[in-house]
Amino acid sequence: MQGAGHGRSCVGFHRLGWHTCFFNLLQTSRNQIHYSRLQYNTMNTLVSICAGLAAAYAFLWSLLRFTQDEREPPAMHTTIPFISPLISMYSAGIRYWSMNSRLPIYTLRVPGMRLYIVNSTELIPKIQRQTRIFSFSPVMIRLVSTMTGLSKEGHETASYEPLESHGWALGIARTIHHNLAPGPRLDVLNRRSVEYISESLNRFAVGEEPKIMSMYKWITHQVLLATTEGVYGPHNPYRDPAMIDAWRHFEPGIIPLLVGIGPSLIAGRFIKARDIVEKSYERYFRDGWHHHPDVPPFTKERMRFDEERGLSVTDLAKMETATSIGILANTLPGTFWLVYHIVSDPEVLEDCRRELFSAVKISDDGDTYEVDMTCVKTSCPILFSTFQEVFRFRGTGVSARMMMDDFLLDDTYLLKKGNIVLIPASVQHGLSSAWGDNVHEFYHKRFLPGHSGAKGKRHNPVAFRGFGGGSTLCPGRHFAATEILAFASLIIMRFNIRPVQGYWQTPTVENGNAAISIQTPDQDFDVEIEPRDEKRWVVTFSGSDKPMDISAEDIEAREDKKVEDIH
Ligand code: HEM
């Protein structure tokens, strides 16, 4: 550009004198040489960059080819080695797994590790049986430690002997499973939550005018309080609205917090919210409220287990912050979807209401309605099927296991030590071979005998992974199921719910939290909630040690027991 400008000044040759013009010409050609040199240098740089990229590509490509054993499951998304899987996962979000469900098992090569993705229903039990080879413990320790920023000492305690039954990971899992198994310990937890729901809806039903509420916000608020009242007792830290607000801001940040690289850069606002939650738990433990007689064994015994291993109060609070995700993050949207699928479809509503009213006892004067939630759980098969269908249709969990050794799966696929096996529930839930041709519809009777499965066969229970499976099958499923069913039942029996805009519109689910096991709606909407009558409602919970048939393992355990009883 500069050269061109000087060239134009030569028009005034006579005025400036020949030497000036000669100088200008000289300058122009110098500049042109300089310009061409610049172009040449730029070109050179570009060529070097391209050559560098090509060399890097060739290197990565060879690295991928030469380190991928041909007995391993085939590698997918290799266009840009190690990077393409990340791009595909990022752009497809939670739909990624179902978009890649063709192969029985495949490998994703990502920086630093392999992910083995399992799609075949037949391979799942073969993985779940080998608990020492496919272990959840290292995954869990890493999740808890990174998400909460556990202290060095806390991390060491949590990492102690992860595969042994005397280690922290298996020990705490055992304590949790024991306290959430159907029976008197779980009943303490359930009873308080059901009571809370009943009292809260009694207060809500006062007054004749219909109330307008944001459906998702209202339902999840009720269930959050009911759950935490059950878990933490009369000094429940979630009675403080600031704690609820902080938890709601922390929960969507699980993935950014787990990335663990420069956390304050990418997860600053989530860290802030998490710290408020942690501080609130710290106060609860420091004041000793977990020792209160009305706190259930589920909470007391977990704390005792951690305290005996020397965890500081700060680390107890951090651990509890991670546990709060397990306790709340799926139960809240799960309840929303169950209520939504029932009240938005007149046929489902009619079926569930009829069934529920047959479980209600009406007083002689007809003014008091009494319902035992234990009875609802066992005598309302359509409602229970609708509950299961919600977790099939909306379930997006991904079970993760760390390979503790090389293993030849099904005598065919070599899975190498140190890598991660993932089992996405959405793939199983979308198999027409398991669920029949109407697999992509919400069918509330699907889990009733004779209503599901390809060609009228009973569905394969292994293909239902709403609560995971194997040794880490969700131990909270009975607690969550009781609470969700109790809330939905009371809503259906006591209220009419109508969308304010005049028609039901299914919310989209594009922006869900990939770290939890169920979709979350992208939009909330207003509904009008109106009591159906002025009766007095008495809700009881007699308790039961009879497990519900939620997962394949529950069905298997019941069938084994039946055989045992016969012998
Ligand atoms: C609707 C509600 C819930 C859903 C959909 C759900 C789902 C799941 C899933 C998919 C897993 C992973 C299983 C695997 O890796 O195979 C899991 C594990 C777990 N869940 Fe839940 N969960 C729910 C409620 C709860 C509640 C209320 C609690 C506690 C009170 C809880 C505690 C746990 C624990 C501790 C584990 C880890 C199990 C272990 O390490 O052995 N969950 N859950």
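1. Helix α15, spanning residues 297-308, comprises 12 residues. From its first C-alpha to its last the helix reaches 16 Å, close to the 16 Å expected at 1.5 Å a residue. The model discussed here is predicted.

2. Three positions of α15 deserve attention: F298, T299 and D306 are buried. Viewed down the axis of α15, the buried residues fall within an arc of 95°, so they line one face of the helix.

3. The packing partners of this helix can also be named. Against the buried residues of α15 pack α9, α10 (184-205), α11 (215-232) and α16. Just after α15, a positive phi of about 80° is found at G310.

4. Turning to the ligand, 26 residues surround it, and the closest are N330, G397, G468, C474 and G476. Two or more residues of this shell come from each of α9 (168-180), α16 (313-328), α17 (331-343) and α23 (477-494). The most is given by α9, with three residues. Both α9 and α16 also pack against the buried residues of α15.

5. On confidence, the protein has a mean pLDDT of 90, and 91% of its residues reach 70 or more. Over residues 1-22, however, the pLDDT is below 50. Beyond near neighbours in sequence, this stretch has 16 contacts in the model. For the complex, the predictor gives an ipTM of 0.97 and a pTM of 0.89.

Key: Residues numbered from 1 in each chain as written. Predicted model: local features only at pLDDT ≥ 70, side-chain atom pairs only at ≥ 80, totals over all residues. Near = placed C-beta within 6 Å. Helix = DSSP H or I, 4+ residues; strand = E, 2+ residues; numbered from the N terminus. Expected span 1.5 Å × (residues − 1). Buried ≥ 20, exposed ≤ 12 C-beta atoms within 10 Å, placed from the backbone. Arc of directions from axis to C-beta. Contact = placed C-beta atoms within 7 Å. pLDDT = per-residue confidence, 0-100.
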